[in-house]
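Subject: Structure handover

Hello,

Please find the structure below, with its sequence. My notes come after it, and they can be read with the model open beside them.

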Amino acid sequence: MRQLRAGLWALAGLQIFVSAWQYLLPRAFYDHFPTVELDPPYNEHLVTDVGGLGLAISAVLVVAAVSLDLKVAAAALVGYLVYAGTHFVFHVTHFDGFSLVEALGVGTGLGIEVVLAALLLYLTRRLQQRRP
């Protein structure tokens with residue numbers, strides 16, 4: 001259970017950091033987050049909406065980490081996997097204009113999030129099977 005809690009906190013912390021930046025300082029996020037300037041022109045509404053959605057995902061991950069309710073953890077991780085998986089697929093299929101280093105950085109960073117969430121979901125399922 002400690003590994004599950006630590007993993008949920010890790011995902012929540014990362015998501016809170018990026019999402020709060022997007023929501024509270026959207027222009028600074030667009031101008032300074034690596035490779036974002038390679039995306040289409042700045043749109044404050046879009047960046048703050050994405051930040052708000054990321055904060056919502058973070059809130060559910062935090063509830064799961066605090067409660068350690070396995071059903072809540074599974075639901076939080078499935079939701080996070082949908083977000084992280086689609087985000088990963090978009091980026092690895094849109095590397096036009098990226099240097100090799102940028103592409104490897106984005107692909108690896110986003111891929112790690114997907115793998116961690118999948119491993120935590122697997123762990124959650126295993127823990128659920130052990131309970132009567």
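The notes below go from the whole chain to its helices, cores, loops and pocket.

This is a predicted model, in which local features need pLDDT of at least 70 and side-chain atom pairs count only at pLDDT 80 or more, while totals for chains, interfaces and linings use all residues. Residues are numbered from 1 along each chain as its sequence is written, and side-chain values use heavy atoms, with hydrogens and water left out.

The whole chain

The protein chain has five helices and zero strands. Helices (H or I, at least four residues) and strands (E, at least two) are DSSP runs, numbered from the N terminus. Read from that end, the order of elements is α-α-α-α-α. The C-alpha trace spans about 55 × 30 × 20 Å along its principal axes.

Of the 132 residues in the chain, 34% are buried. Buried means under 20% relative accessible area, exposed over 50%, and partly exposed in between (1.4 Å probe, protein chains only). A contact means heavy atoms within 4.5 Å. Among the contacts with a separation of 6 or more, 69% are between residues 24 or more positions apart.

Helix 5 covers residues 100-130, which is 31 residues. From first C-alpha to last it reaches 44 Å, close to the 45 Å expected at 1.5 Å a residue. The expected span is 1.5 Å times one less than the number of residues in the helix. The buried residues of helix 5 include Ala103, Val106, Glu113, Ala117 and Leu127. Which helices do the buried residues of helix 5 pack against? They pack against helix 1 (2-24) and helix 4 (70-92).

Helix 3 has 24 residues and reaches 34 Å, close to the 34 Å expected. Among its buried residues are Val47, Thr48, Gly51, Gly54 and Leu61. The buried residues of helix 3 pack against helix 1, helix 2 and helix 4.

A nonpolar core is a set of buried Ala, Val, Leu, Ile, Met, Phe, Trp, Tyr and Cys residues joined through side-chain atoms within 4.5 Å. The largest one has 19 residues, and those with the most contacts inside it are Leu4, Leu8, Leu11, Leu61, Leu77, Tyr80 and Ala117. Helix 1, helix 3, helix 4 and helix 5 each supply at least two residues of this core. Helix 4 gives the most, with seven residues. A second, separate core of five residues includes Val18, Phe29, Val36 and Val47.

Leu4 lies in helix 1 and is buried, with a relative accessible area of 0%. Leaving out residues up to four places away in sequence, Leu4 touches Leu68, Leu70, Ala73, Leu77, Leu120, Leu123, Thr124 and Leu127. The C-alpha atoms of Leu4 and Tyr23, 19 residues apart along the chain, are separated by 28 Å. With neighbours within four places again left aside, Leu11 is in contact with Leu61, Leu77, Tyr80, Glu113, Leu116, Ala117 and Leu120. Ser19 is also in helix 1.

Two loop residues

Most residues other than glycine have a negative phi. Thr35, in the loop between helix 2 and helix 3, has a positive phi near 75°. Thr35 is buried, with a relative accessible area of 9%. Leu68, in the loop between helix 3 and helix 4, has a positive phi of about 50°. Leu68 counts as buried at 12% relative accessibility.

The largest pocket

On a 1 Å grid over the protein atoms alone, a pocket is an open set of points where a 1.4 Å probe fits, with protein on both sides within 12 Å along at least five of seven lines; lining residues have an atom within 4 Å of a point. Grid points are joined across faces, edges and corners, and a volume is the space filled by probe spheres set on the points.

How much space lies in the largest pocket? There is about 900 Å³. It is lined by 34 residues, and the closest to its centre are Phe29, Val36, Asp39, His87 and His91. The largest share of the lining, seven residues, comes from helix 5.

Regards
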